[in-house]
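Work through the two exercises below with the sequence and the model side by side, and try each task before you read its solution.

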Amino acid sequence: MKKKYKILLIVIIVLIIVIIAAIVAFKFLKGSEPAEPVKVVDRIDNFDYTLDDRDTELMKNTYNELKTVLSSDEIDYEKYAEILSKLFVIDLFTMDNKVNRYDVGSTEYVYPDSVDNFKTNVEDTIYKSMENNSDGKRRQDLPEVSSIDNTSVETSTFTIGEEEHESFVVNINWSYVSDLGYDDNATITLIELNEKLYVVEYVTGE
């Protein structure tokens, strides 16, 4: 009898461990993707820049500025670079509308070959401490960009591999609804590829 009880106890312990492991795995997998798909409310034709229903008023207004610039017969690329840098900063550092650390903003502005590295870097740094918000109940204070305070644009060159590209270097400063210690200034470098600009480098001024 004692042997039977011992076997039963082992089976119960194993079942408990399996159940706990399953719960932990489920929560991890659930937290790795946004709970609901983001609804796109506007798209700029030929450029595939999008505006989402969760975007802030600042993001919406800046997006509309870009839409105006890109609708011109002759695009002002310096203005394009300036506005795209603003959108990059607003989307990346407005974190209170994101679901979790894997819900990385600004990927659509990044040079295609660098998107995966960009996402991984953001997940492991800027978004690292972000808690899962898939239930819609925010439990921590997260930043929201409230204004872009200053920008300046210069032309330069940027090398990718062995190829040198003409580039735009944008110095930018911004503010938050609440100062939580995140970046508030940076130098952003963009290059043109098939008439579209992409962010290839972000360097914080700290």
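Helices (H or I, at least four residues) and strands (E, at least two) are DSSP runs, numbered from the N terminus. The model is a predicted one, in which local features need pLDDT of at least 70, side-chain atom pairs count only at pLDDT 80 or more, and totals for chains, interfaces and linings use all residues. Residues are numbered from 1 along each chain as its sequence is written, and side-chain values use heavy atoms, with hydrogens and water left out.

**Exercise 1.** Find the order of the strands in the open sheet, and then describe how helix α3 lies across them.

*Solution.* Step one: the four strands follow the order β3-β4-β5-β6 with antiparallel pairing, where two strands pair if DSSP finds at least two bridges between them. Step two: β3 (145-160) and β6 (196-204) are the edge strands, since each pairs on one side only. Step three: β3 is joined to β4 (residues 163-176) by 14 bridges, and Ser147 stands opposite Ser175 in β4. Step four: helix α3 (residues 77-93) lies across β3, β4, β5 (185-193) and β6, at about 50° to β4; axes are lines fitted to C-alpha atoms, for helices over the stretch in contact (heavy atoms within 4.5 Å), and angles run from 0 to 180 degrees between N-to-C directions.

**Exercise 2.** Which element gives the largest share of the lining of the second largest pocket?

*Solution.* Step one: α3, α4 (115-124) and β6 are the elements that give two or more residues to this lining. Step two: the largest share, four residues, comes from β6.
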